Amino acid sequence: MEKYVIRGGNRLCGEVEISGAKNAAVAILPATVLIDGVCRVDNIPSISDVSTTLKILKSLGSQIRYINKNTIEIDNSTLQFHTVPHDLARHMRASYYFIGSLLGRFGIARVSMPGGCNFGVRPIDQHLKAFTALGASVSPMENGMIEVVADRLVGNSIYLDVVSVGATVNAILSAVLARGTTIIENAAKEPHIVDLANFLNSAGADIRGAGTDVIKVFGVERLHSTHYSIIPDQIEAGTYMVASAATGGDVLVKNVIPKHLESITAKLQEMGVVVEEYDDAIRVTRPNRLIHCNIKTMPHPGFPTDMQPPVAVLLSMADGTSIITESVWENRFRYIDELRRMGVQAQVDGKVAVFQGVEYLTAAPVKATDLRGGIAMVIAGLAARGVTEVEEIHHIERGYENLVEKLANLGADIRRVVTSDSLISRAL
Ligand code: EPZ
């Protein structure tokens, strides 16, 4: 086990380069299963969710070749298996994207119900609704596995009852090689949905309307080799913007698409943060004490739920009372119990958290509860007085490439150390 040790109080200053988007990569890599040829994918983030996805691909029979740390060539012409085992699927939510892609390629997928961050109930009824609309049947198996089978997938209309990123991705994946046209209504509009559609179109798919709430997928016979580069990570970019604001810093966040960051930029500006936009970079400075504000998380283009925990750290230090309403997940405030140990004053009632801003935070030992809750603790540690230790960092490393190096380059005092507990257990 490792932990981060952070001595807070340093202003973050300088430049940081944003990596490829996690949530695009974990959809695009399973999508390669549909392609009868070689795919070269650039700008893949080096994070543990990507390693897990690549392990699943290998277990299915993919030939994977690293061109460099962030570029991979995948040849799926030799795929022979259609089962994703539990010991891999349990590590990440997006393992369910293999249902859509294996179903599209082979007409059969056996996948264990997925793991991932714990935000309460995370149903997949809308994914299953999409598969059955295209003619597949779904059966539960032993050990938490499900089997999805179709003789022939046929395009259909799918109306999603909730705006779901995962169900939109799975509906697209299963429809690309289906006969006829699929219309997905009430689709998610996140940048990674558009990136997935662009990737598949670059391989010969015919997907139109991604980025709007009606996506049309015109089925094609086969997909061919392609070379594609993943978009920059919107949430990683937002995280460094917040880290700069939290420490009163001056950071140029490079390799971003400013349009994807508009809802985050708008809220930071409301809090008194200065945000300057360039073509593919954003500079964030914070001259004065933060001002309180209210935030409601929403599907894109609303304020992203994945930025809710990092921004909560800013609100906990802002002048006055702020309210966050979480409208996407039923239980995404678990991390606040840990932040209270650092002096955060917050009351949580269901999906609403009320923050009474304090002048400063104080260091404490804390545990990452999940990916974005964990990064909130890192940001709190950077801003706090004293030395904060963040444990359970495997949650954080699912989604942030080179976090320690990137923060240290900006002047943070942060180290990744092996805990004595794990040294003892290794010695035994
Ligand atoms: C994706 O999760 C992201 N994960 C999450 O990122 C993100 O928080 C979430 O979208 C919302 O933006 C990936 O892209 C891998 P949803 P996903 O289906 O697809 C309900 C991060 O930190 N719902 O859009 O699982 C669901 O319960 C993470 O990077 C159903 O009711 O989210 C939730 O309330 C964690 N039935 C809402 O929809 C379904 O069948 C949105 O979930 C599916 C979802």
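**Exercise 1.** In which sense do strand β8 and strand β9 pair, and over how many bridges?

*Solution.* The model is predicted: local features need pLDDT of at least 70, side-chain atom pairs count only at pLDDT 80 or more, and totals for chains, interfaces and linings use all residues. Residues are numbered from 1 along each chain as its sequence is written, and side-chain values use heavy atoms, with hydrogens and water left out.

Step 1. Locate the strands (DSSP runs of E, at least two residues, numbered from the N terminus): β8 covers residues 137-140 and β9 residues 145-149.
Step 2. Two strands pair if DSSP finds at least two bridges between them; β8 and β9 have 4, in the antiparallel sense.
Step 3. Val-138 has Val-148 of β9 as its bridge partner.
Step 4. The hairpin has 4 residues between the strands, and Asn-143 takes a positive phi near 60 degrees there.

**Exercise 2.** Describe how β16 and β17 are joined and paired.

*Solution.* Step 1. Strand β16 spans residues 274-277 and strand β17 residues 281-285.
Step 2. A hairpin of 3 residues links β16 to β17.
Step 3. The pairing is antiparallel, over 4 bridges, and Glu-277 is bridged to Ile-282 in β17.

**Exercise 3.** Which residues have the most contacts inside the largest nonpolar core?

*Solution.* Step 1. A nonpolar core is a set of buried (under 20% relative accessible area, 1.4 Å probe, protein chains only) Ala, Val, Leu, Ile, Met, Phe, Trp, Tyr and Cys residues joined through side-chain atoms within 4.5 Å.
Step 2. The largest has 74 residues, and those with the most contacts inside it are Ile-172, Val-176, Leu-196, Phe-199, Leu-200, Ile-207 and Leu-223.
Step 3. A second, separate core of 70 residues includes Leu-12, Val-242, Leu-314 and Met-317.

Note on methods:
Buried < 20%, exposed > 50% of the residue type's maximum accessible area, 1.4 Å probe, protein only.
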